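My notebook is open and the structure is up on the screen. I'll jot down what I look up, one entry at a time.

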Amino acid sequence: MFGRYKSKPDPITLEDPAKVELTLEPEVIHKARPKGLDEKTPEQLEAEAKELKRQERLMNIRMDIHKRLLETLNLSAIDTAAEADLRREIGAITREGVHEMGVVLSAVEQKQLLQDLMDEVTGLGPIEVLLRDETVNDILINGPFQVFVERFGKLELTKIRFKDERHLLRIIDKIVSAVGRRVDESHPYVDARLEDGSRFNAMVPPCAVDGALVSIRKFSKEKLSIEELIEFGAFNEAMATYLQAAVATRLNIVVSGGTGSGKTTTLNALSGFIGARERIVTIEDTAELQLQQIHVGRMESRPPNVEGKGEVSQRDLLRNALRMRPDRIIVGETRGDEVIDMLQAMNTGHDGSMTTIHANSARDSVARMENMISMSGIEMPLKAMRGQIASAVNLIVQVSRLTDGSRRMVSITEITGMEGEIVSMQEIFKFQRDYIDDEGKIHGHFTPTGLRSAFAERFKQWGYELPMTLFTEKTVYSTADEA
Ligand SMILES: Nc1ncnc2c1ncn2[C@@H]1O[C@H](COP(=O)(O)OP(=O)(O)OP(=O)(O)O)[C@@H](O)[C@H]1O
Ligand SMILES: [Mg+2]
């Protein structure tokens, strides 16, 4: 399937260089107003207020009936009851409740009420609908009345609300108690994984000042493939060809990027280039990676339990992984002292290993690694530290979520060794911004920098003969500008 990149990459087509000199001043970027923040007309505001009232009324009815449900339903049977039976029973109690309360509901409202109650009883209440919605990537809750979602790279405020703080806390409790954790004033934050694999974090008062904060990174069943990422403009075919050679010839790769920039997605896609016969071991805090190979040993770290015991850190897992005879080690995200073992593994025969790091540029990710080494308490002169990093890591792939919400591979940088005390690196590909349109959308293109890969010889020896044009075609900047 990926052979396409190996044998004969499509010719790279780049924009006319004359068109791309335009670089943007920061002011222009700031002027591009995000959509949805425009002023609203009085009519719109009134309509919104009305809708809010309607929702509030429905919410109150819902809470009342929910209370009845809890009193009437056999709670222990909920988990085992068939959905149809449950729906029927809840329907009956709901109709009775609505009747007794003397409220009149439209057919649409009735249907919504029933669904909401089902969600409340069997699922996670108001956010259940967001969990079902496949276009939603992230769910971010700031207290009971503000529920944001991220869709197609854009953050939007939803109409969804919890009745009050207690309602929100009840849902949080439902989630964390299901995984045997607890969250309360004495331990106000918790990480968990939802049943569907989504990543969940909650911070409750008093540390959360204006009400509980919840962040959910939805688990996407279908991780984006190399093809899809190219289609979405995350990088281009030339870069994919290069990356395929890099992974196949076992370079050690660090994917660097900010929060939610697509690090895990990129790592996952890159892993697709690993041969089917290799033994891969993955280490993560929350198992997110979905490797296509058969021979994958997945491991997940464990936080300490309520008594503060039983912690298994990524570092523990990594040390153990070295005894599991892996061909490659993939660490979902390096964020602490496991960096030392990671570098050591990369340096001692587990080449072809990969990880992600939270950093804003290739240079910055080296600094981050230095930082993590220092924080772990190991005393090492800076030069030795950098030497370790330079000899362990071959490639840094920088991903970024741009201001318009699009996610791009903004740079592919090779680490070539040390020059004095400095880690020397060279950028091979980058994303060049051209202009921002009126909608705030960033237009740009990918371009090789014109530098020859330091690994060209290695690629060749492994049978990945990349055409020279891959690194030179339509270079926008002269290499002198880069130095
Ligand atoms: N190129 C892309 N185009 C569109 N969506 C993308 C792209 N890359 C990633 N995404 C989506 O963005 C979301 C965040 O991606 P991902 O989890 O890979 O980011 P991350 O950098 O690992 O985040 P975190 O810092 O939270 O670990 C996911 O829902 C993913 O499907
Ligand atoms: Mg991630």
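**Entry 1: histidine 358.** I started with histidine 358, which sits in strand E11. This is a predicted model, so I kept that in mind for every entry.

**Entry 2: the strands beside E7.** E11 covers residues 354–358, and I saw that it pairs with E7 in the parallel sense, over five bridges. In that pairing, valine 255 stands opposite threonine 356 of E11. I then looked at strand E12 (residues 395–401), which runs parallel to E7 and is joined to it by four bridges. There, valine 254 has isoleucine 396 of E12 opposite it.

How covered is E7? Five of its five residues are buried. I sorted them by face: Ile253, Val255 and Gly257 lie on one side, with Val254 and Ser256 on the other, and all are buried.

**Entry 3: the whole sheet.** I traced nine strands in an open sheet with mixed pairing, and wrote down the order E9-E8-E10-E11-E7-E12-E13-E14-E15. Which strands stand at the edges? They are E9 (296–300) and E15 (442–448); each has a single partner strand, so one side of each is left without a neighbour in the sheet. From one strand to the next, the twist averages 25 degrees. At the E15 end, I found seven bridges between E15 and E14 (residues 422–436), which pair in the antiparallel sense. One bridge there links isoleucine 436 to isoleucine 442 in E15. A reminder to myself: strands of a sheet pair through backbone hydrogen bonds, either parallel or antiparallel.

**Entry 4: the core and helix H9.** The largest nonpolar core has 66 residues, and Met239, Tyr242, Ile253 and Met409 touch the most other members. Which helix gives the most to this core? Helix H9 (residues 237–248) does, with eight residues. Apart from this core lies another, of 21 residues, including Leu130 and Ile171.

Back to H9: ten of its twelve residues are buried, so the helix is largely enclosed by the rest of the structure. Among the buried ones are Met239, Tyr242 and Leu243. From first C-alpha to last, H9 reaches 16 Å, close to the 16 Å expected at 1.5 Å a residue. Just after H9, I noted that arginine 250 has a positive phi of about 65 degrees.

Entry 5: The chain's mean pLDDT is 85, with 89% of its residues at 70 or more. Where is confidence highest and lowest? It is highest in strand E7, at 98, and lowest in helix H17 (residues 479–482), at a mean of 31. I marked residues 6–37 too, where pLDDT is below 50. Residues 475–483 also stay under 50. Where pLDDT is low, the predicted coordinates should not be read in detail.

How values were computed
Residues numbered from 1 in each chain as written. Chains lettered and ligands numbered in written order. Predicted model: local features only at pLDDT ≥ 70, side-chain atom pairs only at ≥ 80, totals over all residues. Core = buried A, V, L, I, M, F, W, Y, C linked by C-beta atoms within 7 Å. Buried ≥ 20, exposed ≤ 12 C-beta atoms within 10 Å, placed from the backbone. Helix = DSSP H or I, 4+ residues; strand = E, 2+ residues; numbered from the N terminus. Pairing = 2+ DSSP bridges. Axes fitted to C-alpha atoms, helices over the stretch in contact; angles between N-to-C directions. pLDDT = per-residue confidence, 0-100. Contact = placed C-beta atoms within 7 Å. Expected span 1.5 Å × (residues − 1).
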